Amino acid sequence: MATTTLPSGEPAPEDTSLYPIAVLIDELKNEDVQLRLNSIKKLSTIALALGVERTRVELIPFLTETIYDEDEVLLALAEQLGNFTNYVGGPDFAYTLLPPLESLATVEETVVRDKAVESLRQIAVLHSPTDLENHFVSLVIRLASGDWFTSRTSACGLFSVCYSRVNPMIKSELRNFFRNLCQDDTPMVRRAAAGKLGEFAKVVELDSLKNDLIPMFSLLAQDEQDSVRLLAIEACVSIASLLTHEDVNDLVMPTLRLCTSDSSWRVRYMVADKFTELQKAVGPEITRIDLVPTFQSLLRDTEAEVRAAAANKVCDFCRNLCPPVASGALLNDPNASQTANAVDSIIMTSILPVVKGLVADTNQHVKSALASVIMGLSPILGKQRTLDHLLPLFLTQLKDECPEVRLNIISNLDCVNEVIGIQRLSETLLPAIVELAEDPKWRVRLAIIEYMPLLASQLGVQFFDDKLNSLCMTWLTDHVYAIREAATLNLKKLVEKFGAEWAQTSVIPKVIVMARDPNYLHRMTFLFCINELAEVCGPEITAKTMLPTVLSMASDSVANVRFNVAKTLQKIGPIVAQSAAVKSQIKPVLDKLNTDTDVDVKYFAAEAMSIIACN
């Protein structure tokens, strides 16, 4: 058998208690990838056995030398090293973890590099200022000036974590290196720099931001690669939030205006996606002058993805147009009323007309995105404007052929309810919902049934009982089986929302009436309802209210009804198992069905008897 050796090359100790540790160390060099991976994941166990000094002197150099491995092993190693500070002696020795992580930050596989950078960022905050300048900054500079683009992309994520704790001379050097990365020949490096520009902007001094980083932002925002330009938009949010109103107008807005009309739809999409963040960063005045026309343009963009992203921001954009005011501020500020009027004018003349056009957009994703937020405009516009301008749009969307559009409208009815009241809501939107519920196309009826539990929770039990309960019962006798099936599931969901007591008074009596219906399909639907309701109503209501009617149907003239009685008894038998009803009522009926002339009835009766006997 081969001798197990420690990282230093020494033979493993004879002490049998250390043998498992020696095996783990040996597995670090094993040809089997899975064994190496398992050992890497237990590095902390190895380090504890070796002690902090031997971990620093032997294990860490060993790991650094054997860095060339399968990607999954390297990924596990990068993750482990980020939490390894205590095993090398604490923060005073955190710098000893830098060599293996530096090597990992240069590998070809992106996920390994990203994990190595993440671990380096964790370790950076543990360094003392002296160690940061002597060890960590040197690492950043080596990566930033590396020959391969992989090291330079990794360097981009490390500037912000060390910049604020080093001396002014090193700060200047770091800024110079970051500027070089922003102008790198390789698009991947420029993309990484653009992605970290906003983060770096938050830690540099204001003068350095204006003189060094904003020129880089302008450069990246006009890069030949759209993948670089779109990341500059994220940086724009951070940079604008750090500047005064005048500086934003002079230094940021010229570049941002170019981005909003970029030739690449991906860049315009990013502008739309980050629009409310940009709006907050630049402030209300610049928003009203510059961003309102831009927002209109994005809502009318030729690309559906851009329109959908912008439509998703309509409510937030309108809400942010007027800055929040403290209680009583409107009374003390003579300009507050003027500002509110200006905001109203912008919404009514610049935003709402475009929104009305989007309701009839040719792309369903755009309509769906708008439907998910349009209800939120009600509190902003107020009662009368909601009635005059928004309700017609809601009605159009409720009848949209896309189910997601209808669902998004129904999901947010509470926003409108709070503004115009339940009475007006029932007078306007409810007829449209009822119209859909009675649509000749069964798939449209099915869609409304699926939304009914959600609608019920939005409107409350009282409103539901008054306006929608009878509609739900009507579906149980629909001529399409899929509708009847969905209606029974709908009743179960409604009982889950409103409770068993509500079911006892508002649902079960109406369902029981169906047991005497001349149409055998409706009598079977009654049994299907009991199958669903018994579980949510509980054993007491089931035994007392529903079971007697089920038992009475065992003598039905239609065999299909009789064997469904057997199946229903099989379903509710375990629910009422603790009740005397099983022995005294259910078993005699099943015995009778077991002697039925119809083979299917006998089969299901026998199956039910065996299931109930087991329970």
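Where is Ser378 found? Ser378 sits in helix H24, which covers residues 377-381. Helices here are DSSP runs of H or I with at least four residues, strands are E runs of at least two, and both are numbered from the N terminus.

This is a predicted model, in which local features need pLDDT of at least 70, side-chain atom pairs count only at pLDDT 80 or more, and totals for chains, interfaces and linings use all residues. Residues are numbered from 1 along each chain as its sequence is written, and side-chain values use heavy atoms, with hydrogens and water left out.

**Overall build**

The protein has 38 helices and 0 strands. Its C-alpha trace spans about 95 × 85 × 45 Å along the principal axes. The radius of gyration is 35 Å, whereas a compact globule of 615 residues would have one near 25 Å. That radius is taken over C-alpha atoms, and the globule rule is 2.2 Å times the number of residues to the power 0.38. Of the 615 residues, 52% are buried. Buried means under 20% relative accessible area, exposed means over 50%, and partly exposed lies in between (1.4 Å probe, protein chains only). Contact means heavy atoms within 4.5 Å. Among contacts between residues at least 6 apart in sequence, 67% join residues at least 24 apart.

**Buried places**

Ser378 is buried, with a relative accessible area of 0%. Leaving aside neighbours within four places in sequence, Ser378 is in contact with Thr386, Leu390, Phe394, Cys415, Val416 and Val419.

Leu101 belongs to helix H6, residues 98-104. Leu101 is buried too, with a relative accessible area of 0%.

Gly90 lies in the loop between helix H5 (71-81) and H6. Gly90 is buried, with a relative accessible area of 7%.

Two C-alpha separations can be set side by side.

| Pair | Apart in sequence | C-alpha to C-alpha |
|---|---|---|
| Leu101 and Cys182 | 81 residues | 23 Å |
| Gly90 and Gln183 | 93 residues | 38 Å |

Helix H19 (residues 304-311) is mostly covered, with 7 of its 8 residues buried. Among the buried residues of H19 are Val306, Arg307 and Ala311.

**Helix pairs**

Two packed helices are described by the angle between their axes and the distance between the axes. Axes are lines fitted to C-alpha atoms, for helices over the stretch in contact, and angles run from 0 to 180 degrees between N-to-C directions.

Helix H35 (residues 539-552) and helix H36 (residues 559-572) have axes that come within 10 Å and cross at roughly 160°. H35 and H36 are therefore roughly antiparallel to each other. Angles over 145 degrees count as roughly antiparallel, under 35 as roughly parallel, 65 to 115 as roughly perpendicular and the rest as oblique. From H35, Thr542, Leu547, Val550 and Leu551 meet Val565, Thr568, Leu569 and Ile572 in H36. By class, this contact has 6 nonpolar, 2 polar and no charged residues. Ala, Val, Leu, Ile, Met, Phe, Trp, Tyr, Cys and Pro count as nonpolar, Asp, Glu, Lys and Arg as charged, and the others, Gly among them, as polar.

Helix H3 (residues 43-50) and helix H4 (residues 52-65) have axes that come within 9 Å and cross at roughly 145°. Leu43, Ile46, Ala47 and Leu50 of H3 make the contact with Arg54, Thr55, Leu59 and Leu63 of H4. The classes in the contact of H3 with H4 are 6 nonpolar, 1 polar and 1 charged.
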